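Please look over the sequence and the model, then read on.

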Amino acid sequence: MPIVAQSTETTDWVSRFADEVIEESERRAPGKPVVVASGLSPSGPIHLGNLREVMTPHLVADEIRRRGYQVRHLISWDDYDRYRKVPAGVPGVDESWAEHIGKPLTSVPAPKGSTHANWAEHFKAAMIESLAELGVEFDGISQTAQYISGVYREQILHAMRHRGDIDAILDQYRTKKAPAKKQQQKPLDEAELEAAEGSGAAAEDDGSSGAAGYFPYKPYCGNCEKDLTTVTSYDDDSTELTYACTACGFSETVRLSEFNRGKLVWKVDWPMRWAYEGVVFEPSGVDHSSPGSSFQVGGQIVGIFGGKQPIGPMYAFVGISGMAKMSSSKGGVPTPADALKIMEPQLLRWLYARRRPNQSFKVAFDQEIQRLYDEWDRLDAKVADGSVLPADAAAHSRAVRTAAGELPRTARPLPYRTLASVADITAGHEDQALRILSELDPEQPLTSLDEVRPRYDKAEAWINTHVPAEQRTIVRDEPDAELLKSLDEASQQSLRLLLDGLAEHWSLDGLTHLVYGVPKVQAGFSADATPKELPPEIKTAQRSFFALLYHLLVGRDTGPRLPTLLLAVGQERVRALLGE
């Protein structure tokens with residue numbers, strides 16, 4: 001018996017959608033599992049924007065599971081879609097892949113060096129691995145398998161019988177009327193297809209409008225495998241279909257009741273699947289909100305198949321640091337796998353859980369990741385001490401666990417920025433890293449790097465892959481004798497105060513107190529004085545003191561946090577570099 005208790009987090013978007021989806025599912029299919037869906041096209045790297053297509057229904061499905069209901073989260077792999085273009089920047093791919101444009105994605109060779117059977121499987125594999133790490137439970141459906149096995153045969157024949165009704169719906173939204181039938185003997189060429197995307201004019205979206213009229217079905221050529229085909233005749237009674245390929249000149253007549261090498265056009269395919277699978281909830285991108293878009297048109301076409309349009313929000317774009325929007329047509333766009341190399345799954349889940357679907361956000365690959373981790377750790381502490389707000393508690397809960405249980409986590413989650421600094425300074429020397437990290441808290445010394453994994457490994461990966469070489473930290477081999485000789489009396493005194501306190505304050509907290517306290521003591525104040533008790537010029541003095549230390553230790557104005565840097569360099573070497 002399902003647990004029907006409603007969530008108390010009234011400001012939590014996931015709970016609100018879960019309430020609506022449960023109610024709608026009971027109305028449409030009482031007593032049956034709730035069905036939510038996502039669709040992904042493995043036409044190239046599946047990026048972090050695409051991940052929102054999965055995370056939005058995943059979070060809702062997981063909330064419904066927590067309440068005791070059975071849920072199916074379907075991910076339709078649109079691997080029977082046509083190969084549209086050669087994406088730029090994909091390793092192992094060159095312009096020779098252009099010869100495969102128009103074929104199903106599962107008929108295109110995988111990039112050179114790949115161990116996967118074809119193009120689609122290559123890009124699906126990386127996403128499947130990332131979803132497993134993120135704790136996303138789903139039922140994957142290959143559209144290639146569905147179509148070539150004949151699963152949709154009755155739906156295809158039904159669409160062909162009702163092609164006039166479908167054409168009439170599509171015609172309401174066409175912004176560019178089709179030319180006269182006698183002039184439209186060929187499908188649009190590749191350039192026109194690209195230009196017409198989203199306009200309602202593309203043959204790929206609408207279907208074939210040749211001399212024989214409109215057809216919502218597109219055969220893949222029996223000779224060259226491409227979809228540059230036009231249906232020239234069709235008989236509803238016998239299901240005999242004749243098509244011609246403009247790419248290679250091949251033509252043939254087949255019985256559609258037995259033919260499995262083709263698919264419904266996208267604007268018909270999507271609503272057909274809604275009806276076939278009984279989808280209750282599926283989000284869509286903001287690009288589907290315009291008149292004539294696949295989602296809007298599908299809402300009418302789904303009725304032809306006896307189904308209803310799913311409920312679900314339009315979701316906003318996901319940015320990457322300075323990028324305003326991601327496009328899967330370009331290579332080099334960060335994927336979930338890229339993000340999971342530098343951040344724990346909990347943090348990535350949290351980024352998608354804490355923002356409503358219609359709110360855009362950015363995934364940080366630059367210095368901002370350190371601030372995000374600080375924010376996450378503060379939230380973690382509030383959850384632990386019970387001071388967290390309800391909506392924040394809900395987002396945290398969705399980040400750290402699913403209905404199946406807790407995600408694996410770092411046993412001792414030391415600050416990410418500290419771990420990154422240590423990884424930077426030690427340049428891969430684990431024994432050095434362990435020495436430094438064990439001195440952060442002398443009362444609870446670290447005994448193994450495993451205690452700070454996987455967070456340490458993520459921070460190290462970020463340092464090695466996303467921090468420019470000129471920003472990496474290289475500790476001086478020898479003291480800067482010239483600079484030390486040129487120091488005035490006040491600067492020399494500041495170094496003496498620091499050196500005198502090193503041994504007593506040799507821990508992360510102790511060194512933090514020491515380096516901030518030296519300028520206060522020099523100005524005649526207590527090292528424990530708070531900012532409110534100090535004049536503004538103390539901050540200026542602190543900045544000057546920090547810059548001096550950075551110059552003497554690493555030859556730059558800035559660097560990792562000084563307490564971490566001092567621990568990393570070690571007492572003996574610090575004393576030498578500071579001129580003792």
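Is Thr473 buried or exposed?

Thr473 is buried, because its relative accessible area is 7%; buried means under 20% relative accessible area, exposed over 50%, and partly exposed in between, with a 1.4 Å probe and protein chains only. Thr473 lies in the loop that runs between α17 (455-466) and α18 (481-486). Helices are DSSP runs of H or I with at least four residues, numbered from the N terminus.

The side chain of Thr473 forms a polar contact of 2.6 Å with that of Asp424. A polar contact is a pair of N or O atoms within 3.5 Å; within protein, one must be able to donate a hydrogen and the other to accept it, and residues adjacent in sequence count only if both atoms are side-chain atoms. Leaving aside residues up to four places away in sequence, Thr473 touches Asp424, Ile425, Val554, Arg556, Pro560 and Leu565, where contact means heavy atoms within 4.5 Å.

## Asp431

Asp431 belongs to helix α16 (residues 430-438) and counts as exposed because its relative accessibility is 58%. Its C-alpha atom is separated by 66 Å from that of Glu258, which is 173 residues apart from Asp431 along the chain.

## Basis and confidence

The model is predicted: local features need pLDDT of at least 70, side-chain atom pairs count only at pLDDT 80 or more, and totals for chains, interfaces and linings use all residues. Residues are numbered from 1 along each chain as its sequence is written, and side-chain values use heavy atoms, with hydrogens and water left out.

The chain has a mean pLDDT (the predictor's confidence in each residue, from 0 to 100) of 89. Over residues 177-205, pLDDT stays under 50. Where pLDDT is low, the predicted coordinates should not be read in detail.

Note on methods:
Helix = DSSP H or I, 4+ residues; strand = E, 2+ residues; numbered from the N terminus.
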